[in-house]
Structures are given as structure tokens and as C-alpha cells.
Amino acid sequence: MNDKYAPHIEELSKALEGVGYTDIQTELDNLLRFRVPLEEAKRTILNKFRPKEACEIKIKDILKSPKSFALKGRIISVEKKKIVLKGETAYLYSGKLLDETGVCLFTAWDDFCLNEGDIIKIYNVHMKLWNNRPEINFGQRSIVEKLPEDPSLPKDEKIFTQTKKIIEINPSDLLVSSQGVVTEIYHRDIIVKGKDTIIIEGVIADDTGKLPFSSWVPMEGVDIGNAINFRDAHVRLFRGIPSLNFTHMTSWELLPDNKCPFSKNKIMTDEPSYISIGSVLEKDGLFDVVVTGNIISVRPGSGLIERCPVCNRVIQNNVCRAHGTVEGIRDMRVKAILDDGTGAVYIMLNRELSEVIYGRSMEEAENIAKLSMSKDAVYESMKRSLIGTYLAVRGNSSKSEFGTTIVARYAWVPEDDLLSRLDDLLLKLPEDI
Amino acid sequence: MAGYTREAARRIFAQEFRESNLTFKDGNDQYSPQYLFTPTGAKVNRMFIVGTLIEKEDIGSESEYWRGKVSDPTGSFFIYAGQYQPEAAQVLSECDTPEFVAIVGKPSTYTTPEGEILTSIRPESMYIVDGETRDLWVLDTARVTLERLKVLPTSHPDALRAKEHYRTEAKHYASMVLKALRSLQEDIDVMDD
């Protein structure tokens with residue numbers, strides 16, 4: 001090789017500490033023989049030999065993590081899950097990982113021989129949001145290094161449990177402590193792994209909001225109207241809404257009236273809270289809210305529809321995406337956009353609510369369709385009677401990439417006392433006009 | 001989740017809409033939304049109005065192009081609907097005047113050769129509604145206008161921008177709201193008699 005390249009090789013070997021001079025020389029020689037310009041060849045070599053040092057992050061910074069990163073932590077739980085992917089059975093491993101700054105869920109798409117309690121350092125992993133909750137994903141390119149016990153890593157995720165008001169509990173919380181009044185409670189028999197099990201479900205509320213809860217452990221002495229104080233409840237997600245899960249890790253006790261930080265009676269008798277659509281949009285999911293606004297658009301897909309008898313999906317021309325040709329079940333619905341000036345949400349009304357709000361039964365709608373020989377006629381007629389109208393909707397909200405949707409449990413035309421509202425507004429006017 | 005959020009439909013009285021003349025884009029992307037900025041500091045990309053359609057006229061030469069005039073207690077809005085606003089054009093061609101209508105649309109501006117800026121609405125949808133919906137709209141619009149007037153003396157960026165561009169006098173718009181509410185009061189009294 002020509003001596004005139006010596007200074008470049010010198011320069012490269014300085015930049016690439018630990019890489020042999022001859023290795024660099026051979027590589028450069030090879031590239032140059034293939035007519036690669038010198039500058040480009042040098043860059044290629046730098047890229048090839050530079051150690052791929054992944055940047056190491058802590059769990060608290062997980063949301064700001066680079067595409068690929070390294071992390072050190074302790075596995076506090078791991079579970080093997082069977083999944084069927086394109087007809088083939090595969091296993092994945094999911095669980096929780098903690099470091100000194102926080103806890104995070106993980107999913108490993110390969111068997112990395114992970115065990116509860118292991119201290120590991122993982123390289124080339126990435127973060128993904130699953131149900132708006134950050135998760136560490138171990139993929140094919142990930143490397144797991146097992147480390148000896150490190151006392152600086154906590155053993156119990158409970159030290160990260162935060163105490164929050166109900167409204168503040170969100171999908172990124174894993175364990176949470178709070179207090180509230182049980183406003184609904186019922187028992188349900190289910191069969192888990194062939195065994196009869198009773199689970200408790202209900203709603204818990206404080207002066208800021210309410211959330212559904214379920215318990216796999218008996219809650220003796222707890223009934224509607226009791227205030228409880230609980231620690232370390234799991235936060236699960238269902239359709240984007242956090243729900244509280246009481247397990248053997250959770251502890252709770254009844255809260256005597258004089259220690260309640262809120263008025264029990266007020267919460268028990270409280271009507272659902274009306275909130276602005278703007279504030280619904282700020283949250284990933286809200287349980288049992290009421291919004292009012294104007295219907296400003298009725299979306300395609302409203303009107304008469306047919307559903308698959310097996311999976312309830314909306315179908316077209318009697319063909320279901322999952323079940324092929326089926327005999328469709330007739331149904332009617334309204335998909336609309338409700339806007340109150342602070343924001344806009346999608347609302348979904350089922351048949352019963354659609355019939356009330358649209359003012360026609362499904363049979364009447366079918367007659368409209370028959371007379372005009374078109375299903376679109378119902379959609380057009382819905383637009384004419386719905387757009388512009390005031391509507392109040394009560395239900396759960398959830399956010400997806402397409403926007404925020406409220407699936408209505410109740411919908412009604414708000415009865416407004418025009419005059420009293422008018423007088424209120426007149427009072428708010430400045431006096432000097 | 002990041003990405004697309006639907007622009008909220010703002011409620012604006014006709015007088016304030018007519019007195020608006022500032023438009024701007026948020027960002028430099030070709031898909032960045034365009035806003036009309038009003039004297040009380042509302043950023044309007046989409047608006048919702050309910051009023052009385054008092055005039056309509058097909059001003060198109062070859063294809064239909066409808067102009068409508070919709071009045072509220074403070075003045076009137078102009079709306080223009082052609083082949084790209086089929087829903088609204090159809091309603092305009094079929095309905096009678098006067099009629100209560102609800103309109104969702106985008107604000108648009110036109111600069112006359114004399115340099116005057118005229119505002120109008122390009123409707124996305126337009127439907128006939130009842131009188132009660134119209135009354136509720138007046139109340140809602142009065143409420144949100146008052147809310148904006150409350151922010152105006154503060155150093156909120158929209159308030160600063162409004163004061164800088166329009167030298168907005170809160171009193172002027174407070175009396176507009178008063179006018180709207182008084183006329184609504186009279187309407188209701190008439191109905192009750």
C-alpha cells in the first residue's frame with residue numbers, strides 16, 4: 001500500500017483505540033481498491049470499528065429514551081405467556097423491572113432465561129408505548145448480561161408507590177395508594193383455571209373523581225358507603241381507563257368518618273361531574289364523565305348497520321373480516337362529533353340511545369331506507385335532525401391515535417333554564433357599560 | 001398521544017367576526033392550520049354558529065355558487081358555498097328564508113382592492129335547527145366571549161396579541177354581549193306573552 005495513506009491510517013487508529021493498525025490498513029486498502037473516495041472510506045471505517053456504545057438510561061427517564069438504549073435493573077416479576085402469531089404458537093416473557101429510580105413493565109420476545117430476582121444489564125432494547133404506558137421491549141438484537149447481587153437496587157417495588165388523589169391516577173402508575181368512598185360494589189363468580197372464584201368489583205370515589213376497582217382478595221366489612229384507605233393497589237388499564245386492582249400485595253383499612261378528608265355524603269349523592277371537552281382531551285382516559293356540546297358532525301358509519309353474529313363487528317355485504325360470509329344482525333347507531341368550543345370528541349351512541357336522540361325507532365329508519373331504496377337516506381336524515389343540536393353524554397372516554405372517544409352510557413338533550421342562565425350572564429357583565 | 005387533534009369549533013358573534021382582520025398560520029408546514037384571530041383573542045380555525053338565514057342568492061355563473069346572510073343579535077355573517085361545499089349548497093338551494101340554521105365551517109378572508117378585509121364562512125355543514133338551539137347558542141357565545149374579555153387585561157399571549165393588533169377595548173365588546181343578551185331577553189319575553 002502506498003505510503004501516502006499512512007497519515008490517514010495513523011489518524012484512524014488514534015480515533016479507534018484498541019483496533020489493530022493492520023486491520024485498519026487492510027480495510028482501507030480494500031475500500032480504496034473498490035474506488036471508494038478516501039473521505040468516504042475513512043467514515044466507513046470509523047463506523048465499522050467504533051464500539052457501539054449504547055447510552056445507558058434510568059427508568060425515570062424512560063419516556064425520553066433514545067431509540068435503542070441500555071439499562072440496568074432487577075427483575076421483580078416475570079411471566080411466560082403463550083401467544084399465537086400467524087398460526088404459530090410462540091412464547092413471550094413479560095414482567096416488571098426496577099432500578100433505583102422507578103419501575104417499568106417489560107416484554108421479551110425471546111427467551112433470555114430471565115428469573116425473578118435477577119440483576120441484569122440489557123443492551124439494545126427499546127421503549128414502546130402500550131396502552132399509553134411505557135414498556136421496555138427486548139428484541140432479537142438485545143443482549144442480556146447477568147450481574148451479581150447489587151444492594152443499591154431496591155428489592156420491592158412498593159418503595160415507588162405514590163399516594164395520589166383519584167383524579168391524578170393515570171396509566172403510567174403501576175402501584176398507587178389513595179383513599180376514597182366505595183360507591184358501588186358487587187360480587188361476581190368467575191372460573192379461573194377451572195376453579196370457582198369470587199371477585200369483587202365496584203367503584204371508588206373521592207372529591208376529585210372516581211375509578212372502577214376490582215379485588216381478587218376478600219374485602220370483609222366493606223360495603224357501599226364505606227370510606228377506605230388503601231396502599232399498593234395495582235393500576236390496570238381497560239380501554240384506556242385506569243382501574244384499581246386489589247391483590248395480596250394491597251393493604252387497606254376502613255377509614256372512620258372523622259378521618260375522612262372529604263365529605264362522604266356529598267360523594268355518595270353527587271351527580272356526575274360536568275367537565276369541558278377540552279379537559280377530557282388532556283387525559284388518556286376518564287371514567288364516567290358528562291360532557292355537553294353541540295353535534296357538529298355526524299360521521300359516516302352512522303345509521304343502519306349490520307353486525308357479525310359471532311364477533312359483533314360491523315360488516316359490509318354480509319362478509320365479516322374474521323368470520324367470512326355470515327347472516328348479519330341489523331343494528332343502528334350514531335357516530336358523531338360533539339364540540340363545546342373547548343374541544344371536540346367522538347361520541348358513539350348504541351341503538352337504544354340513537355333511537356331516542358334521533359327520534360325514530362330502528363323500524364321507522366328501515367322504512368325510510370326502504371322508501372328511498374337506500375341506506376344512506378337514514379344517514380342523511382340523521383344529519384338533518386342531529387347537526388347543531390345540544391346534547392349531553394355520559395360515559396367513559398378513551399384516547400387513541402384517531403382521537404378521543406366517549407362511548408355513551410346515557411345521552412340526553414339537556415334541559416336548560418334559558419332565563420336563569422341569561423340572568424347569570426347579565427350579572428357577570430362589567431357595570432360600566 | 002401526539003399527532004392530530006381536531007380543532008375545536010369556536011363560537012363568535014357576527015360583530016366580532018366582522019371586525020376581525022388578522023390571519024396567521026401556526027407553523028411553517030403546508031398542513032399547519034390557518035387561524036383567524038379575533039379582537040377578543042379567539043384563535044378560530046373552525047367555527048360554529050347558529051342564526052337566522054335572512055338572505056340567499058345564487059351568484060354563480062356556470063355552476064351554483066350560493067351566498068347566504070345569517071344574522072345573530074349583533075350583526076350578520078356571510079357564507080359562501082359552491083361545489084366543494086355540497087351539503088351547505090344543497091340546503092341553501094332548497095330552504096326558504098328566514099330559517100334558523102346551524103353552520104360549522106372555516107373562516108375565510110378577502111381583501112378588497114381598497115385594502116379592506118372582509119370575513120366570511122366556508123361551511124363544512126349546514127342544517128336547519130329550531131329556535132331553542134339558536135337561543136342556547138347566543139347564551140353560549142355570550143358566555144365564552146365574556147370569558148375571553150376576562151383574560152384580555154392579563155398577559156396571556158393571545159390577550160397581548162389582541163391588544164397589540166386591535167387595541168381592543170373590552171367595553172366595546174362587553175356592550176356587544178349586553179346587546180345580544182338583552183335582545184334574547186326580549187325574544188323570550190315575546191314568546192312568553
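First, some ground rules. This is a predicted model, so to speak: local features need pLDDT of at least 70, side-chain atom pairs count only at pLDDT 80 or more, and totals for chains, interfaces and linings use all residues. A pocket here is worked out on a 1 Å grid over the protein atoms alone: it is an open set of points where a 1.4 Å probe fits, with protein on both sides within 12 Å along at least five of seven lines, and lining residues have an atom within 4 Å of a point. The second largest pocket holds about 1,100 Å³ of space, where volume is the space filled by probe spheres set on points joined across faces, edges and corners. Its lining has 34 residues, and A:E79, A:K81, A:S94, A:L105 and A:R236 lie nearest the centre. Strands are DSSP runs of E, at least two residues, and helices are runs of H or I, at least four, numbered from the N terminus.

By class, that lining splits into 14 nonpolar, 10 polar and 10 charged residues. Nonpolar means Ala, Val, Leu, Ile, Met, Phe, Trp, Tyr, Cys and Pro, charged means Asp, Glu, Lys and Arg, and the others, Gly among them, are polar.

Strand 4 (119-130) is one of the strands that supply at least two lining residues. A:N124 is found in strand 4 too, and A:N124 has a positive phi of about 55° although it is not a glycine.

Now, where do the chains meet? The contact (heavy atoms within 4.5 Å) takes 32 residues from chain A and 36 from chain B. Together the chains bury about 3,100 Å², 67% of it on carbon and sulfur atoms; buried area is the accessible area (1.4 Å probe) lost on putting two parts together, summed over both. In chain A, A:Y390, A:L418 and A:L425 lose the most area to chain B, together 20% of what that side buries.

There are 3 salt bridges between the chains, meaning a side-chain nitrogen of Lys or Arg within 4 Å of a carboxyl oxygen of Asp or Glu. In one, B:D140 meets A:R421 at 2.9 Å, N to O. Helix 9 of chain A gives the largest share of the chain A side, 8 residues.

Note on methods. Residues are numbered from 1 along each chain as its sequence is written. Chains are lettered from A and ligands numbered from 1 in the order in which they are written. Side-chain values use heavy atoms; hydrogens and water are left out.
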